[in-house]
Amino acid sequence: MGDMNGQTPATGNDGIAIEVRGLVKRFGKTTALDGVDLTARTGTVLGLLGPNGAGKTTVVRSLATLIRADAGTATVLGYDVQRDAHPVRQLVGLTGQYASVDELLSGFNNLVMIGRLLGISRGEAKARAAELLERFDLAEAARRPAKTYSGGMRRRLDLAASLVGRPRVLFLDEPTTGLDPRSRNELWSIVRGLTADGVTVLLTTQYLEEADQLCHDITVIDKGQVIATGTPDELKAKVSGQVLAVTPADPGRIPQIEDILTQRHRLAPATSPDSGAVTVAVPDSALVPALIRELDDAGIVIEELALRKPSLDEVFLALTGNRAPEPEGIPQ
Amino acid sequence: MTALAPAVTVAPSRRLSPLTAVANTFTLTWRSLLKLRTNPEDIFGLVLTPVMYLLLFTYLFGGAISGNVHNYLQFELPGILVLAVIFSTLGTGQALSEDIRTGVFDRFRSLPIARSAPLAGAVLGDVTRYALSVAITLAFGMLLGFRIQASPLAAAAACLLVLGFALSMCWLSALLGLISGSARGVQWIGSLIYFPLTFGSNVLVPTDKLPGWLQAFVKGNPLTFLTEAERGLLVGGPVTAAVIRTLLWSLGLFLVFAPLAVQVYRRRT
């Protein structure tokens, strides 16, 4: 990726592929984006994380030149997405939340159509289509209408369609939603391969495991605002301290454990009904021996005890859950 | 993996050339026609609809309106031609709304192609459908006993005139497709407009047999002019006034609905 930077004027400054500053987008009275900043380094995966309705898709649609923002700037490889939409469209590929392939056309013809639209000659477009179908394990289904494809196949075809033009920047909007684990892993390995070749990927997801596995950097947004940025490790470190997981031998003692944690230590434990474990974020690890002693004094037999760094799920919860409530009233 | 990544890094072009716009439009016309070839149900609908109209209306109304089936067929076929083509324009809007619903339009809009190409390509592809519809109606009508009584040149003009009118009407359909969220919506709104427009004309019944208030509506209906022109060009009779009015209406409909559809299309999301 490094050696590509100097060769072309289309590469952004200092190895920055996507730069968004103060992006605002309103739909009627709703403010979907309320001043979003984000930066994606060339050849990396930037994860855009957030709950449903946080504004993830709106960011992607602005960057892919599908909607115009009301304020702020966004550049892709140095090109402004509003002023220079045409150059931007030549550099990016988009795979939407819903597979946007023509269901009535075969997989092969879908890809040939995209190739022809991109100005590739007929012969080349066909060769490229065959190559991509082969690569995405769709060669056997190449001649069947896309409406006969399974969800995973359709998603792969959609991704193949966004790669026909060899994009330098790829937008993946919740690419693995609804995919089975095998298809998801396949997609992950494709994304890793692309970044290894210098492609920059902006990926939105609700799955923290996905972000943890795949992303070099993460931007968390909620209600149209950025609430955290950093590498997965940095984000985990942001939630101070560690997580203690206690599994009692007798599940009947769980309420008692929760009482001790909330009443005496003002902590906020959560209990997983599946594993029977009580997990709690501990701000200071020096507190842990005292907690265990108290549980022991109360006569609770502990079957399993674990102390670990918080998972992204817990970080996410802490970031979005503990936020100060929005001031009431609609911006004029 | 290398195959997926950018092979050469050329600086992107600033502007889209007009030649590219034409090429884009043809690619999307090809797409529209490909669907016709690969979807048997589409072909069935296109072929069977005029056949059904002809069988149904000829034998239902033939005796009652014209005394016998043959006379009625000579009267009605130009009207059925209009009916079949006008209703097939609904497909344009339905296909557009499907493209929007499934996200295909978003993909097009994210590509470096002419903004007008998806719309123009869809419309051009549909003209082929209308031509097919005209050919089937004429062929099956002749099988039932319809005879072209004017010159072949006049008959060819009749076909072109109805196609030209459909080409204007399909922009109304396109507009419906762009503003209603689903193919079903297009069907609904379209029917509410198309049924009174087609049946409230001289397509199936001579105008003088209608009550006065309805005559007033029928006489102002553009489809009445179109049908009159078709009758003149296929079986003889005065044509000039009807053809001129039809052409003016075609132009008018195009000038109103094409820019509106393009406007809505550009503004969408």
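The following exercises, each with a worked solution, concern a predicted model.

**Exercise 1. Overall description of chain A**

Determine how many helices and strands chain A has, and what share of its residues is buried.

*Solution.* 
Step 1. Count the elements: chain A contains 11 helices and 14 strands.
Step 2. Consider the extent of the chain: along the principal axes, its C-alpha atoms fill a box of roughly 80 × 50 × 40 Å.
Step 3. Consider burial: of the 332 residues in chain A, 42% are buried.
Step 4. Consider the contacts: among those between residues at least 6 apart in sequence, 70% join residues at least 24 apart.

**Exercise 2. The two domains of chain A**

State into which domains chain A is divided, and describe the side of domain 1 that touches domain 2.

*Solution.* 
Step 1. Locate the domains: domain 1 of chain A covers 13-236, and domain 2 covers 239-321.
Step 2. Find the separation: the centres of the two domains, taken over C-alpha atoms, are 39 Å apart.
Step 3. Count the residues in contact: 12 residues of domain 1 of chain A meet 10 residues of domain 2.
Step 4. Identify the elements on the side of domain 1: helix 7 (208-214), strand 9 (217-222), strand 10 (225-230) and helix 8 (232-238) of chain A each give two or more residues.
Step 5. Classify the residues on that side: 9 are nonpolar, none is polar and 3 are charged.

**Exercise 3. The hairpin of strands 9 and 10**

Describe how strand 9 and strand 10 of chain A are joined, and name the residue of their hairpin that takes a positive phi.

*Solution.* 
Step 1. Examine the pairing: strand 9 and strand 10 of chain A run antiparallel and are joined by 5 bridges.
Step 2. Take one pair as an example: A:Ile221 has A:Val226 in strand 10 as its bridge partner.
Step 3. Examine the turn: 2 residues lie between the strands, and A:Lys223 has a positive phi near 50°.

**Exercise 4. An open sheet in chain A**

Give the strand order of the open sheet of 4 strands in chain A, and identify its edge strands.

*Solution.* 
Step 1. Read the order: it is 2-1-4-5, with antiparallel pairing.
Step 2. Find the strands that pair on one side only: these are strand 2 (30-41) and strand 5 (79-80) of chain A, the edge strands.
Step 3. Look at one pairing: strand 1 (residues 16-27) and strand 4 (residues 71-76) of chain A are antiparallel and share 5 bridges.
Step 4. Name a pair of residues: A:Val24 lies opposite A:Ala71 of strand 4.

**Exercise 5. One face of helix 4 of chain A**

Explain why the buried residues of helix 4 of chain A line one face of the helix.

*Solution.* 
Step 1. List the buried residues: A:Ala125, A:Arg128, A:Ala129, A:Leu132 and A:Leu133.
Step 2. Look down the axis: the buried residues of helix 4 fall within an arc of 130°, and therefore they line one face.
Step 3. Find the packing partners: these residues pack against helix 3 (107-117) and helix 5 (151-163) of chain A.
Step 4. Inspect what comes after: A:Asp137 follows helix 4 and has a positive phi, near 60°.

**Exercise 6. Helix 10 of chain B**

Determine how many residues of helix 10 of chain B are buried, and what covers them.

*Solution.* 
Step 1. Count: 12 of its 14 residues are buried, so helix 10 of chain B is largely enclosed by the rest of the structure.
Step 2. Name some of these: B:Leu223, B:Phe225, B:Glu228 and B:Arg231 are among them.
Step 3. Identify the cover: it includes helix 3 (69-88), helix 7 (152-179) and helix 11 (240-267) of chain B.

How values were computed:
Residues numbered from 1 in each chain as written. Chains lettered and ligands numbered in written order. Predicted model: local features only at pLDDT ≥ 70, side-chain atom pairs only at ≥ 80, totals over all residues. Domains from an automatic or database assignment. Contact = placed C-beta atoms within 7 Å. Nonpolar A, V, L, I, M, F, W, Y, C, P; charged D, E, K, R; others polar. Buried ≥ 20, exposed ≤ 12 C-beta atoms within 10 Å, placed from the backbone. Arc of directions from axis to C-beta. Pairing = 2+ DSSP bridges.
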